[in-house]
Amino acid sequence: DTSSRPDGGGYSYNDSTITGFSLTHVSGPGCGAGGDVPVLPTTGSIDPTATDSFSHSQESAHAGYYAVTSSNGVETELTATTRTGLARFTFPSTTQANLVLKLNGSQNADSATSFNVVSSTEVSGSVTSGHFCGAGNTYTLYFDMQFSQPFSNNGTFTPNGLHPHARHLSARATGTPRRTAPVSPRTAERPDHPVYHGALPQGQAHSPRLSGPNGAYLTFDTTSNQTVLAKVGVSFVSVANAQSNLSAENPNFDFPATKAATEKEWNSLLGRITVGGGTHSEKQVFYTALYHALLHPNVNSDTNGQYIGVDGQVHTVGSGHSAEYTNFSGWDIYRAQAQLEAMLDPSAASDTAQSMVDDYAQGGMLPKWMEYNGESYVMVGDPADPILADYYAFGARNFDTATALSDMAHEATVIGNIRPGLDYLNSPGYLPADGSYGCCNFYGATSTTLEYNTADFAISALAKALHNTPDEARFRNRAQDWRNVFNPATGFMEGRNANGSWEANFNAQSGSDSNFVEATPYIYTGMVPFNLAGLTAAMGGKSNMTGYLNTVLSSFTGANGYAWMGNEPSIELPWEYDYVGEPYQAQETVRQIQDQIWTDTPGGLADGNDDLGTMSAWYVWSALGMYPETPGTADLALGSPLFPKAVVTLHSGKKLTINGNGAADNAPYVQSATWNGAAWNNAYAPTSAITSGGILTYTLGASANTSWASSPSAAPPSYGATSGGSGYNNTGITNDGSTGASFDNDGNAYSAQALAAAGVTPGSSVSAGGTTFTWPNVAVGQPDNYLAAGQTLKVSGSGSIAFLGSATNGPSTGTAVVHFTDGSTQSVTLTLSDWTLGGGGGSVSPGNTTAVTTPYRDTSTGTKETVNTYVFATSPITLTAGKTVASVTLPSSANQGVLHVFAITTG
């Protein structure tokens with residue numbers, strides 16, 4: 001750690017002094033994290049705040065090893081095992097060679113510390129830190145440190161000064177914990193600088209901090225032996241487990257052997273991708289990025305299998321798994337890192353997936369941004385869903401997939417701390433800018449809507465893989481709610497209020513719009529990675545979508561509110577050219593980004609936060625010439641490879657070979673391609689590429705071939721609403737005395753018993769105004785109506801069309817589109833009256849007939865509310881004569897409130 005102690009790991013290349021060598025680090029987060037127990041070698045008198053000056057000419061590093069000689073003449077060399085570290089300090093010949101343990105030196109400071117001298121060659125202790133990005137989480141790190149020669153003197157230090165010969169230290173901060181977070185939910189944040197918004201969860205608080213120096217020192221006599229080896233075991237369970245980890249993984253003081261074993265392990269992992277050709281600089285950038293991409297998540301369990309769970313209790317790693325993992329930068333890693341990890345190291349990814357399932361079992365939540373054993377809730381959305389689906393899609397399948405899917409579906413349907421805005425997905429079908437959310441760290445309503453949509457699609461993708469058709473349809477259809485925050489009048493995603501109005505003073509280039517997270521509306525408008533065909537259609541077609549991409553990608557550094565390729569919301573944008581028939585623009589743009597953002601310099605791995613390997617993983621994918629654009633699937637959008645040859649060794653042992661004939665920095669354009677020797681004219685790779693392998697061969701050139709993979713059929717897959725199956729996306733009926741359904745987003749629902757008394761049961765016929773409908777044949781408590789969100793439903797017939805349903809916060813009017821078998825369409829106006837007629841004060845809308853009346857509805861508390869509750873039938877709408885209906889696209893939005901459709905009939 002260097003003197004400026006920057007977020008993102010604690011080291012700055014621009015600094016010239018070292019404050020200590022910490023036992024833990026987190027790579028590239030947007031806030032301080034880890035950095036626990038900095039240990040600093042010094043000479044002479046003890047200074048608790050000492051630093052060591054150094055120059056980069058005396059510094060070297062590679063995977064598994066770091067070395068530096070500081071200006072005081074001490075050479076420090078470091079290597080590690082999974083749960084231990086080993087340092088070799090070579091001091092000058094002196095009687096005052098010191099190791100200063102800065103216990104109160106965690107990057108986010110500490111609320112408690114302890115230290116104990118076990119013997120003249122062993123010390124132990126603990127520190128308690130946490131509060132990532134201002135959150136309420138905490139963790140305790142325990143350590144045991146042993147030395148190759150005895151120390152001749154020791155002591156502790158506190159703000160009161162040095163305490164020579166003291167063998168113990170125990171300190172705990174006093175003061176009143178603070179539960180209120182300092183930042184309003186309507187406060188925008190800068191890119192790469194997340195902060196916690198709003199109230200902390202129940203039971204969490206900001207712990208008071210220790211003040212002043214707090215730690216211990218050890219003095220060695222190096223006049224006869226200048227080398228002091230220090231090995232340390234760490235544990236999040238206990239000092240005893242830290243000692244056991246040290247005994248199991250690092251029993252000797254053999255620095256060369258430990259270093260060699262660590263280097264071998266890294267080479268094995270990095271060697272799962274081998275590249276041929278290219279420049280030395282390109283290879284250095286590539287393998288540095290791959291190294292960074294594989295640093296996280298982290299092992300959180302000890303060699304005996306024990307770990308501290310999210311419930312604060314000691315657990316043991318389950319059978320069939322080797323370790324428990326933590327440090328999930330969810331909002332970031334689902335976009336690139338999780339897929340790469342699963343493809344290259346499916347064993348670790350499977351253990352990570354099971355760890356997430358374990359977190360749910362212990363704490364009732366899947367992790368969002370987990371720091372060690374504490375949930376911080378940092379960033380937005382429900383990223384565990386795409387992470388788990390990504391792991392499965394890319395080959396990591398040794399985890400309890402059925403339980404994972406069940407957990408994902410439950411978290412996506414029952415309001416909780418991870419999805420505090422969940423009920424709004426039922427009505428009005430988006431997260432309102434003026435909504436009420438409570439905890440935990442809710443902000444950026446429009447961005448969060450889009451993140452929920454991606455999470456829902458990922459659930460549907462995993463459900464499909466596990467042959468769960470109802471959940472596949474249910475969540476894939478709800479994922480299309482992005483249409484509710486897309487304003488057709490402006491062509492941008494925007495903030496929208498609960499009454500359906502768009503927020504005033506909209507500026508697509510504004511970085512201070514609090515409806516968006518670390519990016520502008522311009523950037524977020526492209527964030528529909530699972531249905532880019534639908535987004536293109538909503539924008540008015542290919543020309544408009546291409547124009548949008550040309551503009552938003554006219555900057556890579558955030559100028560004018562356009563793309564900032566050092567931060568996650570922008571990284572999917574370059575690949576979207578593949579979806580509009582212009583893959584040559586993807587090839588060109590990605591290469592420009594590689595050249596401008598990624599360089600062979602100390603700050604050259606994207607000048608933002610690496611976010612636990614996410615940005616580095618993006619570079620690895622881009623250098624291979626592909627990108628996992630659609631979370632939860634094995635779909636890979638294609639660019640062009642940077643190297644003449646790259647070979648990926650898959651978990652199956654098979655190989656994916658990517659040949660780039662003619663590859664060069666100035667030759668990013670695909671002239672032609674083959675897959676396993678046959679012509680390949682698609683802007684995506686076969687999904688079998690990451691399981692069965694194969695040979696993808698490109699011919700590359702310096703001039704664009706605008707025709708390659710340009711046809712509509714050559715675009716990577718897009719996933720709109722399901723056209724088959726029920727596709728219901730709202731649960732509006734419950735049993736009396738029960739809760740869980742929410743027809744109106746406030747927990748109120750139709751009563752199954754009251755409907756039955758009115759003659760309406762699952763699968764029964766409902767007649768009104770001369771039209772007969774079939775009531776949804778669904779069990780009570782399951783999705784039972786279509787919340788209109790632009791989904792397309794299979795319907796057959798001719799002559800006329802009618803709808804059965806009601807509105808919440810209505811009456812509501814929208815435009816549906818009837819698709820005929822000959823390819824033509826007809827727009828029809830759909831109006832439905834409010835389900836309680838405004839609590840009894842309204843009237844039935846023209847063109848509506850009351851089909852069902854019940855004397856009460858069920859409430860969120862399980863009680864009955866005496867208010868007449870209705871279902872309405874529209875008058876039949878005449879269709880174009882002689883044409884047969886193939887499908888109907890429901891309105892993507894309404895003038896006010898939300899349209900709910902129970903059934904459609906033609907006649």
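Author: The lining of the second largest pocket divides into 10 nonpolar, 15 polar and 4 charged residues. Here Ala, Val, Leu, Ile, Met, Phe, Trp, Tyr, Cys and Pro count as nonpolar, Asp, Glu, Lys and Arg as charged, and the others, Gly among them, as polar. The model is predicted, and local features need pLDDT of at least 70, side-chain atom pairs count only at pLDDT 80 or more, while totals for chains, interfaces and linings use all residues. Residues are numbered from 1 along each chain as its sequence is written, and side-chain values use heavy atoms, with hydrogens and water left out.

A pocket is, on a 1 Å grid over the protein atoms alone, an open set of points where a 1.4 Å probe fits, with protein on both sides within 12 Å along at least five of seven lines; lining residues have an atom within 4 Å of a point. The second largest pocket holds about 540 Å³ of space, the volume being that filled by probe spheres set on the points, which are joined across faces, edges and corners.

In total, 29 residues line this pocket. T413, V414, T731, G740 and A741 lie nearest its centre. Two or more lining residues come from each of α8 (401-411), α10 (469-478) and β35 (733-734). Of the elements, α10 gives the most, with 3 residues. Helices (H or I, at least four residues) and strands (E, at least two) are DSSP runs, numbered from the N terminus.
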